[in-house]
Amino acid sequence: MLANRILTAIVAIPVFLAAGYYGGLYLKVLTGALALFGFFEINRMFAQKDIRLFTPLAYILLVFGFAGLMPIESLPYLFLTVTGIYFVIKYNKHNILEFFYTYTSLLYVFLFIFIYEIRETSAGFWLFLYYFLLIWANDTFAYFIGKKYGRRKIAPNLSPNKSIAGALGGFLGALLVSIIYGKYFLPTMYLTLLPLAFITIFVAQLGDFLESAIKRYAEVKDSGVILPGHGGVLDRFDGVLLSAPVFYYLFLTFYS
């Protein structure tokens, strides 16, 4: 399990960082593909509960959203309008809960766009790298410290492997990375980045629990199998989906 996890990371991380370094269309296409695959995983999980999402309409809306034809702030309204019209037309084939499940699932996976938006800020690749080092440090420290000292669980019914020790280890690891990285690559703001790092990791850990709640509801262990040792795309990016927009808007508001 751990060997598969490391091997997958060795292959996937350089590809991901290369897309982040070059940015632009490369990163837009990659994050769009992650969103499409994320929706595929959600659709498959909800199918376990006999909930039929509005596909391929959702895929079309995601492609439209990532095409950049409208401001991202207006897209939730577009998604609501189009899925609402579709529900009215297909009223005899879908129920109201499937409409809401489709809409919220669309919004959830569309959050992948904020990976691209972070890269597009004035701090560019260095901020993109900073953000993901926070996330990876949190995941890594939480995994190893939780494995060794994690006797007391946070919410065993929701996520049986997440412990208080692991969560604290994740915080400490991420804050340490923030200080070291910020001092060398974002020196004008490296101490003031600490509150941003703290809030980002707090939300990322909540994002882990949200994805776990979806899986518990669907009664599946992993969202998918595309990433050996990690599970699915949503398993790997669970903390990112909630924390990336928070990180992005806090940076724009207080640091740019």
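Helices here are DSSP runs of H or I with at least four residues, numbered from the N terminus. The exercises below use a predicted model.

**Exercise 1. Where does Asp50 lie, and is Asp50 buried or exposed?**

Solution. Step 1: locate the residue. Asp50 belongs to the loop between α2 and α3. Step 2: look at the backbone. Asp50 is not a glycine, yet its phi is positive, about 60°. Most residues other than glycine have a negative phi. Step 3: classify the accessibility. The cut-off for exposed is over 50% relative accessible area. Asp50 has 69% relative accessibility and therefore counts as exposed.

**Exercise 2. Which peptide bond is cis, and where is Pro56 found?**

Solution. Step 1: the bond running from Thr55 to Pro56 is cis, and its omega is near 10°. Most peptide bonds are trans. Step 2: Pro56 sits in the loop between α2 (24-47) and α3 (57-66).

**Exercise 3. Describe how α2 packs with α3.**

Solution. Step 1: the two axes come within 10 Å and cross at roughly 160°. Step 2: angles over 145 degrees count as roughly antiparallel, so α2 and α3 are roughly antiparallel to each other. Step 3: the crossing of α2 and α3 is right-handed. Step 4: list the contacts. From α2 come Lys28, Thr31, Gly32, Ala35, Leu36, Phe39 and Phe40; they meet Ala58, Tyr59, Leu62, Val63 and Phe66 in α3. Step 5: sort the residues of this contact by class. Nine are nonpolar, two are polar and one is charged.

**Exercise 4. How far apart in space are Glu120 and Gly20, and how far apart are Leu252 and Phe87?**

Solution. Step 1: Glu120 is in the loop between α6 (113-119) and α7 (124-149). At 42% relative accessibility, Glu120 counts as partly exposed. Step 2: Glu120 and Gly20 are separated by 100 residues in sequence and by 9.9 Å in space, C-alpha to C-alpha. Step 3: Leu252 is part of helix α11 (residues 238-254). Its relative accessible area of 35% makes Leu252 partly exposed. Step 4: Leu252 and Phe87 are 165 residues apart in sequence and 36 Å apart in space, C-alpha to C-alpha.

**Exercise 5. Compare the UniProt record with the model for residues 124-144 and 164-182.**

Solution. Step 1: the unreviewed UniProt entry places the feature "transmembrane region" at several spans, including residues 124-144 and 164-182. Step 2: residues 124-144 are 100% helix and 0% strand, with end C-alpha atoms 31 Å apart. Step 3: residues 164-182 are 100% helix and 0% strand, with end C-alpha atoms 27 Å apart.

Key
Residues are numbered from 1 along each chain as its sequence is written. This is a predicted model: local features need pLDDT of at least 70, side-chain atom pairs count only at pLDDT 80 or more; totals for chains, interfaces and linings use all residues. Side-chain values use heavy atoms; hydrogens and water are left out. UniProt positions are given in the numbering used here, feature names are shortened, and annotations may be inferred rather than shown by experiment. Helices (H or I, at least four residues) and strands (E, at least two) are DSSP runs, numbered from the N terminus. Buried means under 20% relative accessible area, exposed over 50%, partly exposed in between (1.4 Å probe, protein chains only). Axes are lines fitted to C-alpha atoms, for helices over the stretch in contact, and angles run from 0 to 180 degrees between N-to-C directions. Angles under 35 degrees count as roughly parallel, over 145 as roughly antiparallel, 65 to 115 as roughly perpendicular and the rest as oblique. A crossing is left-handed if the near helix is turned anticlockwise from the far one by less than a right angle, and right-handed if clockwise. Contact means heavy atoms within 4.5 Å. Ala, Val, Leu, Ile, Met, Phe, Trp, Tyr, Cys and Pro count as nonpolar, Asp, Glu, Lys and Arg as charged, and the others, Gly among them, as polar.
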